[in-house]
Amino acid sequence: MEKPRIGIFSLTGCGGDQLMILNLEDELLDLLSHFDIKSFQEASSYEETTTELDIAFVEGSVSTKTDLERLKEIRNRCKLLIALGDCAIDGCVQAMRNQQMTIAEKMRKVYGVEEDYYDVLEPKGLAAHVKVDIKIPGCPIEKTEVLHAIISLLHGDMPEAIDYPVCVECKLNEYPCVIIEKDMPCLGPITTAGCDARCPGLGLDCIGCRGPIKDEANAAEELNLLSEKGFDFEYIANRLRFFGGNFEEIVKLTGSLKKKIGEGGQTDE
Ligand code: SF4
Ligand code: SF4
């Protein structure tokens with residue numbers, strides 16, 4: 001039987017999601033032997049640029065016109081498109097200042113000119129531009145999650161999306177809640193689970209690195225909760241925007257930061 005043809009690609013991002021696939025170490029050779037790999041940027045300089053693909057894994061956000069052209073070209077030649085990691089899902093940290101400042105304002109602030117010398121766009125996830133079939137969250141992704149997704153696909157099944165928060169994993173592990181016990185500004189209640197509550201398990205607060213849970217995260221209630229704990233609006237807003245800069249409810253909630261950032265430049269976490 002012919003092996004599925006796959007490609008693994010990067011747009012704007014740190015390359016950490018491809019690295020997590022390479023970090024599969026014990027399973028990697030066996031796993032990849034089930035596929036016909038046509039592109040894997042971090043693993044090999046070999047690339048077939050026009051071959052039709054069964055599955056394309058794309059990490060990174062669409063942050064330049066070059067990214068957008070590349071994404072459309074990949075979408076046109078693959079059957080299944082997988083957004084790999086937070087950048088590809090919703091823009092991640094690159095999106096922190098979207099809606100706060102225009103590209104021209106950023107150019108003026110950083111370089112003192114307004115001309116667009118670069119081909120930049122407001123950082124967005126892949127789904128803002130093309131159809132995405134599967135999303136695997138994380139910054140970076142969990143290697144076991146991508147392994148399970150690939151195994152599901154090999155069996156002809158679609159991987160199941162996680163639609164519950166980190167708090168659920170905290171409870172399952174019987175970790176003490178760091179909001180209640182330590183008054184820490186944990187974002188676990190609105191963050192997509194799947195990391196086994198790694199940070200609360202170490203006594204740390206969740207900073208939301210797996211992104212807000214799509215259609216479920218109640219950012220307003222998180223803001224109320226942390227306000228009651230004494231954290232100020234600007235601090236919470238910056239924290240929410242760190243991995244949720246394109247998340248609709250967070251954009252609405254934190255809109256009032258715009259003026260402050262535009263005038264003051266830096267709003268430190
Ligand atoms: S520590 Fe954070 S993730 Fe865990 S239960 Fe409390 S709020 Fe939720
Ligand atoms: S920041 Fe939150 S989502 Fe990310 S690994 Fe820690 S607990 Fe998990």
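Student: Before anything else, what counts as a helix or a strand here?

Tutor: Helices are DSSP runs of H or I with at least four residues, strands are runs of E with at least two, and both are numbered from the N terminus. Keep in mind that this is a predicted model.

Student: OK, how many helices and strands does the protein chain have?

Tutor: The protein chain has 13 helices and 7 strands. Its radius of gyration is 20 Å, close to the 18 Å that the globule rule gives for 269 residues, so the chain is as compact as a globular protein of that length.

Student: What box do the C-alpha atoms fill?

Tutor: Roughly 60 × 55 × 25 Å, taken along the principal axes.

Student: And what percentage of the residues is buried?

Tutor: Buried residues account for 40% of the 269 in the protein chain. As for contacts, take those between residues at least 6 apart in sequence: 73% of them join residues at least 24 apart.

Student: Which sense does the pairing of S3 and S5 have, parallel or antiparallel?

Tutor: Parallel, over 6 bridges, with S3 spanning residues 53-59. One bridge there joins leucine 53 to cysteine 78 of S5.

Student: What about S5 and S7?

Tutor: S5 also pairs with strand S7, residues 134-136, in the parallel sense over 3 bridges. Leucine 84 has isoleucine 136 in S7 as its bridge partner.

Student: Switching to the ligands. Which residues come nearest to ligand 1?

Tutor: Cys167, Cys170, Cys177, Cys186 and Gly188, out of 13 residues around ligand 1. The elements that give two or more residues to that shell are helix H7 (166-173) and helix H8 (178-182).

Student: Which element gives the largest share?

Tutor: H7, with 3 residues.

Student: How do the shell residues of ligand 1 divide by type?

Tutor: There are 12 nonpolar residues, 1 polar and no charged ones around ligand 1.

Student: Now ligand 2. What surrounds it?

Tutor: The residues around ligand 2 include the cysteines Cys195, Cys199, Cys206 and Cys209. Val166, Thr191, Ala197, Ile207 and Gly208 are also among them, as are Arg198 and Arg210.

Student: How does that shell divide into nonpolar, polar and charged?

Tutor: For ligand 2 the shell has 7 nonpolar, 2 polar and 2 charged residues.

Methods
Residues numbered from 1 in each chain as written. Chains lettered and ligands numbered in written order. Predicted model: local features only at pLDDT ≥ 70, side-chain atom pairs only at ≥ 80, totals over all residues. Near = placed C-beta within 6 Å. Nonpolar A, V, L, I, M, F, W, Y, C, P; charged D, E, K, R; others polar. Pairing = 2+ DSSP bridges. Rg over C-alpha atoms; globule rule 2.2 N^0.38 Å. Buried ≥ 20, exposed ≤ 12 C-beta atoms within 10 Å, placed from the backbone. Contact = placed C-beta atoms within 7 Å.
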